[in-house]
Amino acid sequence: MGNLHSSARKVLDLYIDGFKNMTVGRKLWTIILIKVFLLFVVFRLFFFPNILKENYDTDDDRARAVARELTQR
Amino acid sequence: MEDLIQVVDWSRMQFALTAIVHWLFVPLTIGLSLIIAVMETIYYRSRSQKWLKTLKFWMTLFAINFACGVATGIILEFEFGTNWSNYSWFVGDIFGAPLAIEGLLAFFMEATFFAVMFFGWKKVSPAFHLASTWLVAVGVSLSALWILIANAWMQYPVGMEFEPDQMRNVMSDFWAVATSPVAINKFFHAVTSGWVLGAVFVIGVSCIIAARGKNLAMAKDSVKVAGWIGLAGIIFTMWSGDGSAVQVARVQPMKLAAMEGLYKGDVGQDLIGVGIVDEKAREVKYKIAIPKGLSVLANHDADSFVPGIDDLLEGIAITHQGDTINTVSYAERIEIGKAAQQALRDYEQARKAGDNEALLEAAARIKDNYKYFGYGFLSSPDAAVPPVALTFYAFHFMVLAGGYLFLLMIVALFVVYRRPRWFDTRLARIIGVLSIPVVWICSEAGWIVAEVGRQPWTIQDILPVGAAVSAVTAQSVQLTFWLFAIVFAALLAAEISIMCKEVKKATVREITDINDNKK
């Protein structure tokens with residue numbers, strides 16, 4: 001148990017010290033965070049709905065919708 | 001109908017924009033990770049501080065590229081769900097499984113070994129650090145493998161059966177999908193071309209640094225490593241490119257014909273080096289060609305027949321063994337495709353009516369005609385011809401640039417080993433800097449050949465773009481297209497700006513202080 005705790009602490013320290021000592025990395029993390037926010041929050045929620053998931057409740061409904069699209073378009 | 005064409009066009013443009021931007025980062029990640037791993041191996045064996053300095057410099061540029069490129073690929077998956085919902089449902093788990101494996105692999109690799117690589121210099125043993133760096137290099141390539149398996153399946157759909165009840169293709173043989181010869185070849189071609197791109201980037205940046213007279217030894221050492229990796233990369237890329245040509249001749253002959261602007265094929269077919277495509281006149285003008293070159297390329301037989309676009313439309317093709325056969329014309333394929341679609345309509349009606357006998361009969365007809373299911377969506381045989389000029393020019397640029405890059409690697413190695421005084425000259429800087437856009441355009445051109453050349457198909461012969469696209473409005477796709485264009489342009493500007501600043505530091509002062517975690 002003690003060894004596990006010590007290993008987890010070491011892993012945590014790796015990340016904490018790493019982030020603390022970054023220079024160029026701070027700019028990069030800022031870019032990553034802005035990008036992830038734009039992609040996963042703004043774009044995903046407001047601009048990129050999963051059409052079949054949002055418009056139909058079951059897989060069978062989705063399958064029939066695609067069948068209609070492919071046979072009646 | 002007009003709106004459908006616009007939706008298809010804008011959705012394709014958006015996908016192309018996203019894929020092109022994503023591919024700006026990926027090959028550099030692949031190539032640079034290998035170069036860094038080799039440099040760290042040299043450092044591990046020599047414990048030389050100059051190699052530690054060199055490797056940390058490239059690791060910083062690697063980190064910048066990685067940060068700007070990370071998650072750009074996820075947008076492609078958003079687009080599948082919104083713009084290509086018919087496609088994403090229709091391909092089912094065949095496409096989803098490799099992408100899920102890629103996602104898991106990328107996540108675990110990035111969360112662990114990247115962290116050790118960048119933060120772990122004083123936290124882990126040198127051997128463990130070296131292993132982490134190699135695992136990152138191997139991991140990014142393995143990550144690419146699953147994406148390329150998914151892409152190869154679209155070009156050469158194998159290991160699946162269409163299940164009309166689920167309205168999707170169901171994987172029947174995972175190994176046929178995972179070990180498809182198209183996937184394996186594509187993997188080697190894409191990954192080794194990434195080595196070349198990484199190498200040219202290192203050579204180009206090293207030339208810039210050397211020309212300013214600072215960190216000259218670091219620049220020379222970097223070119224030595226990059227030159228050998230780039231040379232190995234371009235040789236493998238050419239070898240796998242040859243394999244690709246043979247495969248394309250068998251599984252996507254229309255793409256090969258478009259790559260060469262070949263309308264009427266012949267035995268002992270010439271390979272065009274340069275020329276101007278006239279799509280209206282259906283010929284290539286002012287061409288300079290290598291006699292019998294295309295026959296050699298496609299079939300490894302100088303006197304073999306290579307079908308052109310018109311031959312293929314009439315049903316003349318070559319078998320997997322390279323024999324010329326008279327197969328199904330494209331007009332007949334359209335009829336077969338329509339029969340498959342009618343069977344699907346009958347299936348849906350029988351399903352609604354609960355008529356089991358009719359259901360089984362319709363399912364059997366779907367199965368019999370499914371091979372050409374997608375042709376039923378085409379208005380005429382000509383609709384199965386990809387944009388010839390764009391495919392032709394992209395292919396020829398790729399080949400010519402590939403030849404140039406092969407020479408560049410040889411010259412770079414010759415200079416750095418035999419004529420080192422040529423290295424820090426203005427000419428070397430100009431060649432080095434100009435080669436950077438050449439390799440990137442070459443790499444993107446390869447994807448243009450692969451993707452534009454297979455139009456109109458999202459899944460070869462099964463689903464064209466016009467059927468794959470969602471029932472959305474053109475305006476909504478236009479809006480997100482421009483949003484992406486703005487975000488991507490800003491990200492690219494940020495990356496180039498941060499990278500240029502880091503490179504500039506190496507041109508104005510000697511890099512001597514090595515502060516372990518400052519990345």
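Which pattern does chain A follow, read along the sequence? The pattern is α-α-α-α. Chain A holds four helices and zero strands. Helices (H or I, at least four residues) and strands (E, at least two) are DSSP runs, numbered from the N terminus. The model is predicted: local features need pLDDT of at least 70, side-chain atom pairs count only at pLDDT 80 or more, and totals for chains, interfaces and linings use all residues. Residues are numbered from 1 along each chain as its sequence is written, chains are lettered from A in the order in which they are written, and side-chain values use heavy atoms, without hydrogens and water.

Chain A is more spread out than a compact globule, because its radius of gyration is 23 Å, well over the 11 Å that the globule rule gives for 73 residues. The radius is taken over C-alpha atoms, and the rule is 2.2 Å times the number of residues to the power 0.38. The C-alpha trace of chain A spans about 60 × 35 × 15 Å along its principal axes. Of the 73 residues in chain A, 30% are buried. Buried means under 20% relative accessible area, exposed over 50%, and partly exposed in between (1.4 Å probe, protein chains only).

Phe37(A) lies in helix α2 (residues 24–47) of chain A. Its relative accessible area is 47%, so Phe37(A) is partly exposed. Phe37(A) and Thr71(A) are 34 residues apart along the chain, and their C-alpha atoms are separated by 39 Å. Leu38(A) also sits in helix α2 of chain A. Leu38(A) counts as partly exposed, at 25% relative accessibility. Leaving aside neighbours within four places in sequence, Leu38(A) is in contact with Phe43(A) and Val487(B). Contact means heavy atoms within 4.5 Å.

Chain B has 17 helices and 10 strands. The C-alpha atoms of chain B fill a box of roughly 80 × 50 × 40 Å, taken along the principal axes. Buried residues make up 56% of the 519 residues in chain B. Among contacts in chain B with a separation of 6 or more, 78% join residues 24 or more positions apart.

The two chains meet through 59 residues from chain B and 38 residues from chain A. Together they bury about 4,100 Å², 73% of it on carbon and sulfur atoms. In chain B, Phe78(B), Trp89(B) and Phe119(B) lose the most area to chain A, together 17% of what that side buries. Buried area is the accessible area (1.4 Å probe) that two parts lose on being put together, summed over both.

Two salt bridges are counted between chain B and chain A. A salt bridge is a side-chain nitrogen of Lys or Arg within 4 Å of a carboxyl oxygen of Asp or Glu. Asp60(A) and Arg351(B) form a salt bridge through their side chains (2.8 Å, N to O). On the side of chain B that touches chain A, α17(B) gives the most, with 11 residues. By class, that side of chain B has 32 nonpolar, 16 polar and 11 charged residues. Ala, Val, Leu, Ile, Met, Phe, Trp, Tyr, Cys and Pro count as nonpolar, Asp, Glu, Lys and Arg as charged, and the others, Gly among them, as polar.
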